[in-house]
Amino acid sequence: MNYTFNNDVPIYLQIVDIITSDIVSGKIAPGEKIPSVRDYAVLFKANPNTVCKSLAVLEDNHLIYTERTNGKFVTCDLDVIKSYKEKIFNEKVNDFLIEMSNLGYSKEEVVKRIMEVK
């Protein structure tokens, strides 16, 4: 896969977002071992230190955990995963509504238009 990073946001945060999305979407299952730092560095074409920083954030957020000598794994806590999925959903919807508001649409108009889409 070829990733293009935005220069306005630090790469490590963009990597956090990509891996978080993979976790909440089920692309990486709860309890599944994630790729190594080196594998992610190759995948993202990023410095291994950048990947380490990203994985540290994910671990701080309890989305992954480390098993000594075995690697890093996705949390098995489905409540944590669900919470992040809801957080991402709310952020995306709010961003969309702000964009539509900037175009002159009210929330009610947006909902009506969405309901009309087939």
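Buried means under 20% relative accessible area, exposed over 50%, and partly exposed in between, with a 1.4 Å probe and protein chains only. The notes below use these classes.

1. Basis. This is a predicted model, in which local features need pLDDT of at least 70 and side-chain atom pairs count only at pLDDT 80 or more, while totals for chains, interfaces and linings use all residues. Residues are numbered from 1 along each chain as its sequence is written, and side-chain values use heavy atoms, with hydrogens and water left out.

2. Loop residues with positive phi. His62 is found in the loop between α3 and β1 and counts as exposed, at 54% relative accessibility. Its phi is near 65°, a positive value in a residue other than glycine. Lys45, in the loop between α2 (37-44) and α3, also has a positive phi, near 55°, and is exposed at 66%. Helices (H or I, at least four residues) and strands (E, at least two) are DSSP runs, numbered from the N terminus.

3. Hairpin. Strand β1 (residues 64-67) pairs with β2 in the antiparallel sense over 4 bridges; two strands pair if DSSP finds at least two bridges between them. There are 3 residues between the strands of this hairpin, and Thr69 takes a positive phi near 70°. Thr66 stands opposite Lys72 in β2.

4. A salt bridge is a side-chain nitrogen of Lys or Arg within 4 Å of a carboxyl oxygen of Asp or Glu. The structure holds 2 of them. In one, the closest N and O atoms of Lys72 and Glu59 are 3.3 Å apart. Because Lys72 lies in strand β2 (residues 71-74) and Glu59 in helix α3 (residues 48-60), the pair ties together parts that are 13 residues apart in sequence. Both partners are partly exposed, Lys72 at 22% and Glu59 at 26%.

5. Salt bridge of Lys27 and Asp22. These side chains meet at 4.0 Å, N to O.

6. Largest pocket. The volume of the largest pocket is about 360 Å³. On a 1 Å grid over the protein atoms alone, a pocket is an open set of points with protein on both sides within 12 Å along at least five of seven lines, unlike a cavity, where a 1.4 Å probe fits but cannot get out; lining residues have an atom within 4 Å of a point. Grid points are joined across faces, edges and corners, and the volume is the space filled by probe spheres set on the points.

7. Pocket lining. Of the 13 lining residues, Asp17, Thr20, Lys87, Ile88 and Glu91 are the closest to the centre of the largest pocket. Helices α1 (11-24) and α4 (78-102) each supply at least two residues of the lining, and α4 gives the most, with 6. The lining has 5 nonpolar, 3 polar and 5 charged residues, where Ala, Val, Leu, Ile, Met, Phe, Trp, Tyr, Cys and Pro count as nonpolar, Asp, Glu, Lys and Arg as charged, and the others, Gly among them, as polar.

8. Thr20. This residue of helix α1 is buried, at 7% relative accessibility. Leaving aside neighbours within four places in sequence, Thr20 is in contact (heavy atoms within 4.5 Å) with Leu58, Leu63, Tyr84 and Ile88. Thr20 and Ile88 are both among the residues closest to the centre of the largest pocket.
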